[in-house]
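Hi,

Here is the structure I promised to send over. Have a look first, and my notes on the aromatic rings follow below.

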Amino acid sequence: MPLSDVQKSRDTRNIPISKVGVKDISYPIVIMDKNKSIQHTVARINMYVDLPHHFKGTHMSRFIEILNVYREKIALDNMEAMLQRMKEKLGAGSAHVEIEFPYFIEKKAPASGAKSLMEYTCEFSASLSSEFDFILGIKVPLTSLCPCSKELSHYGAHNQRSIMTVRVRYREFVWIEDLIEIVEGCGSSPVYSLLKREDEKFVTEKAYENPKFVEDMVREATQKLLAMEKITWFSVEAENFESIHNHSAYAAIERDKREKGVDNPVDKPGNCG
């Protein structure tokens, strides 16, 4: 006897669902690496489609089947094809995939030259309805030193770990490494996974000589991203996990370079109090 397909049965409430699917799948993927051709990593993946009002449910197992078809071919150059397969396999008008993964870059310490791997959190967010849309995102740890504290204090200045998040749409391919390099130049000092004594001296003094508010960080990133012609849209966020306050400082800017008035960004500032 054939098994009944409950998901395909009719729903009478006349309410379509924008996104339905599976979340938090751990899965191996392959990412293009600027220096080493490719990099293997393990991602957390979310997959969704829309559901018409007349269907009771979607077929959750089909998401995993599609993922298994692509296996280690989950990469930028076939993201659109995977979304198209989701639409066809699930009878949907739109499909979405969100992929977050650790990405590693070899970094040299600034004074000793000691090499180590630095981890960055990256994300792909893609959707397909009538058109394909793709956003590349990175999260970069930084050191920020407070200009206000430096001005007021007789001894030193307070600093803290910061996270800058940049997301971009582009017309030409953008390397993850290039975005990270841009962002690391916007803080008081980059963060390293390995520092010898001479490196600690270097980054501490560099941060002191280069104080930055969160406002400074997002504005500097905006200037650099506006200058990149291949980028069509971007958002920039900076969050300082304050070392002397019981709160974080935050600032954000979002720009669509295809719109008029791109020289007048609206930012959402936060400061050190």
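**Rings and charges**

Lys150 lies over the face of Tyr208, 4.4 Å from the ring centre. A charge counts as sitting over a ring if NZ of Lys or CZ of Arg is within 6 Å of the ring centre and within 35 degrees of the ring normal. Lys107 lies over the face of Tyr192, also at 4.4 Å from the ring centre.

Before going on, please keep in mind that this is a predicted model: local features need pLDDT of at least 70, side-chain atom pairs count only at pLDDT 80 or more, and totals for chains, interfaces and linings use all residues. Residues are numbered from 1 along each chain as its sequence is written, and side-chain values use heavy atoms, with hydrogens and water left out.

Searching the whole structure turns up five aromatic pairs (rings of Phe, Tyr and Trp, the last by its six-membered ring, with centres within 6.5 Å; planes under 30 degrees apart are stacked, over 60 edge-to-face, the rest tilted). One of them is Phe101 with Phe124, edge-to-face at 5.0 Å centre to centre and 65° between the planes. That pair links distant parts of the chain, 23 residues apart: Phe101 is in strand β3 (residues 95–108) and Phe124 in strand β4 (residues 115–128). Strands here are DSSP runs of E, at least two residues, numbered from the N terminus.

Phe101 counts as buried because its relative accessibility is 2%, and buried means under 20% (exposed is over 50%, partly exposed in between; 1.4 Å probe, protein chains only). Phe124, at 4%, is buried too.

Phe101 and Phe124 also belong to one aromatic cluster with Phe134, Tyr170, Phe173 and Trp175.

Cheers

Methods. Helices (H or I, at least four residues) and strands (E, at least two) are DSSP runs, numbered from the N terminus.
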